[in-house]
Amino acid sequence: MKVYTKKGDEGQTSLLGGTRVSKHHLRIEAYGTVDELNSWMGLLKDQPVAAPYAAFIKQIQDNLFTLGSHLAADPDANRMQLPQVTATDVQDLEQSIDQMEESLPALQNFVLPGGHPANSTAHVARCVCRRAERIAVHLNDVQQIEAIILQYLNRLSDWLFVFSREMTRLSGAEEVAWTPRKS
């Protein structure tokens, strides 16, 4: 099977179901951003300090691939049976957040990204996740998508924030507090 088909050379691509759309279509932006997020999750998983969480991050990556398939599907034309992300997957994120927070100091102020490559990578992934969520919300305003997609992305951005703090803790780095300028 060849990687290139030449069918997209004029700026169009196919959704699952065969519908042709522009490569700047909101659905393409949505699943493309989820794909970008998945790549950042891979980089995050590859950070040595993240090793205790590698299996969980792999689970997140699987879920993101599933979400992407739903975003890539034309709801009116797709006949494929797609895997599902469920409320249990959202609960898994929440439980992981709760477990990490047990070992973290109480948050006293805003923190700046940085201090360790794993922390910084988690913050970049968090920002990409929030962008994916914004695009998915926009898509939902135009054409309703499954609520679980929005829930999962929202909770994942929370998880990534807490995970960035966990990476700071596990790496022995110092959390960088944001200190606003005095007027």
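Let's start with the aromatic rings: there are four aromatic pairs here. A pair means that rings of Phe, Tyr or Trp (taking its six-membered ring) have centres within 6.5 Å, with planes under 30 degrees apart called stacked, over 60 edge-to-face and the rest tilted. Keep in mind that this is a predicted model, where local features need pLDDT of at least 70 and side-chain atom pairs count only at pLDDT 80 or more, while totals for chains, interfaces and linings use all residues. Residues are numbered from 1 along each chain as its sequence is written, and side-chain values use heavy atoms, with hydrogens and water left out.

One of these pairs is F56 with W159, a tilted one at 5.6 Å centre to centre and 45 degrees between the planes. F56 sits in helix α2 and W159 in helix α5, so to speak far apart on the chain at 103 residues. Helices here are DSSP runs (H or I, at least four residues) and strands are runs of E (at least two), numbered from the N terminus. Both F56 and W159 are buried, where buried means under 20% relative accessible area, exposed over 50% and partly exposed in between (1.4 Å probe, protein chains only). Ring pairs also bring in neighbours, joining Y53, F56, W159 and F163 into a cluster.

Now look at F110 and W178. Their ring centres are 5.9 Å apart and their planes meet at 65 degrees, so this pair is edge-to-face. F110 lies in the loop between α3 (87-103) and β3 (111-112), and W178 in the segment after β4 (176-177), so the pair ties together parts that are 68 residues apart in sequence. F110 is exposed, at 62% relative accessible area, and W178 is partly exposed, at 40%.

Back to α2, the helix that carries F56. It has 18 residues and runs 25 Å from its first C-alpha to its last, close to the expected 26 Å (1.5 Å times one less than the number of residues). Its buried residues include F56, I57, I60, L64 and L67. The buried residues of α2 pack against α1 (26-45), α3, α4 (117-142) and α5, with contact meaning heavy atoms within 4.5 Å.

Finally, the count comes to one cavity of 30 Å³ or more. A cavity is a set of points on a 1 Å grid over the protein atoms alone where a 1.4 Å probe fits but cannot get out, and lining residues have an atom within 4 Å of a point.

Terms used. 1 Å grid on protein atoms, 1.4 Å probe; cavity = no way out; pocket = protein on both sides within 12 Å on 5 of 7 lines; lining within 4 Å. Points joined across faces, edges and corners; volume = space filled by probe spheres on them.
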